[in-house]
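Work through the exercises below with the model open. Each task is followed by a solution in steps.

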Amino acid sequence: MLSNDILLNAAGRFGTPLYVYDEAQINIQYASLKQAFRRSDVKIFYACKALTNVNILKILAQQGSGIDCVSINEVQLALKAGFTADRIIFTPNSVAFDEYLEATALNVNINIDNLSLLEEFGNHFGDGYPVIIRLNPHIMAGGNIKISTGHVDSKFGISIEQVQQIRDVMERTKVSVKGLHIHTGSEIKDLEVFVKGLELVLETTQFFPDLTIIDLGGGFKVPYKPDEVGTDMEALGEKLADAFEAFQQSSGKKFQVWFEPGKYLVSQAGYFLVRANIIKQGPSRTFVGVNSGFNHLIRPMFYDAYHKITNISHTEGELKTYNIVGNICETDTFAWDRELNEVRPNDILLFNNAGAYGFEMSSRFNSRCRPAEVLVSGDAMKLIRRRENLEDILQGVILD
């Protein structure tokens, strides 16, 4: 965990708004997964949609992680970061077949979640390019409907009730299926969700003779609120290992297990720093207006997400209740009725757990520039993305 002094130093050196990432915390999170799943033959693939700065990707590549990519550009970023093709999974959604062809040209692992695309892929490659199939297990899970991806009405995956149709495609096209994948959502702390998903997948393995991989996705719960607890990874590791060992004893089959955590690896490593611009007393609320908005951190407005906020410039100040609001010309609230040490103009406010889907979901709404990103590695602090300016906004615009 980075100290307030380090964060205030970062704000002083690089300005605000500012994202700061702690390399040590990323390494701790990765090591905790390896420890939790030590009883199983597990490979970790970082779901890089959470944070794609190439400098962050390099940290995980050096740790031995694989990487899960949902677009061809993410695949290209992964290659630039040093991931080899065999450590890359391409898991797109609702893309044209051409994008799959681009990915196969790079020789990465292919994950298909659509029957018609599976057939097209099989007709094109036959058994020459084994694939992973993403199944929809019809399990409702996750901290918010917007991040629940495995329920019956989700756009993701081929319904687990359509296994026979998958087999029909396999018979017609000779496409080889090397892996089965499920991902039920994000922010899951109920271990039985993972166990139930695994049981459903194991029941279908009999229909796939070339199967060597079971991919259980990600979605591990990260605690955001002070009284929250995350997914018990040690207990999950034990439950899954027991299930795999029991299945192996009864069937004689053994699989490599893949996981695709994103938020779990980078959320707690990220800090977002903003400056208080104004303190505004209304009839019923006191507002702190800061020099950022949902164009830089959309999670509170998009997911009703909670981020712990601290006034790190005035830690001894009297506790007062505020609404922390942004500078975007929309309803733009980071927190309602939040107790903070007294906030004064120019104080630096810290948002914790901002490493996942913070900068990654940022935009230039209101023609405001995206913030800089900084990486702390040991005693070193370096800029890994400069702050944008007007020239960046104009880039690509064709002027008469």
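Axes are lines fitted to C-alpha atoms, for helices over the stretch in contact, and angles run from 0 to 180 degrees between N-to-C directions. Helices (H or I, at least four residues) are DSSP runs numbered from the N terminus, as are strands (E, at least two). This is a predicted model, in which local features need pLDDT of at least 70, side-chain atom pairs count only at pLDDT 80 or more, and totals for chains, interfaces and linings use all residues. Residues are numbered from 1 along each chain as its sequence is written, and side-chain values use heavy atoms, with hydrogens and water left out.

**Exercise 1.** Find how helix α8 and helix α9 pack.

Step 1. Helix α8 covers residues 191–204 and helix α9 residues 233–251; their axes lie 10 Å apart, at an angle of about 20°.

Step 2. Because angles under 35 degrees count as roughly parallel (over 145 roughly antiparallel, 65 to 115 roughly perpendicular, the rest oblique), α8 is roughly parallel to α9.

Step 3. Contact means heavy atoms within 4.5 Å. On α8 it involves L191, E192, F194, V195, L198 and L202; on α9, A235, L236, K239, L240, A243, F244 and F247.

**Exercise 2.** At what angle do the axes of helix α2 and helix α3 cross?

Step 1. The axes of α2 (residues 23–36) and α3 (residues 54–63) come within 10 Å and cross at roughly 40°.

Step 2. That angle makes α2 oblique to α3.

Step 3. The contact joins E23, I26, N27 and Y30 of α2 to I56, I59, L60 and Q63 of α3.
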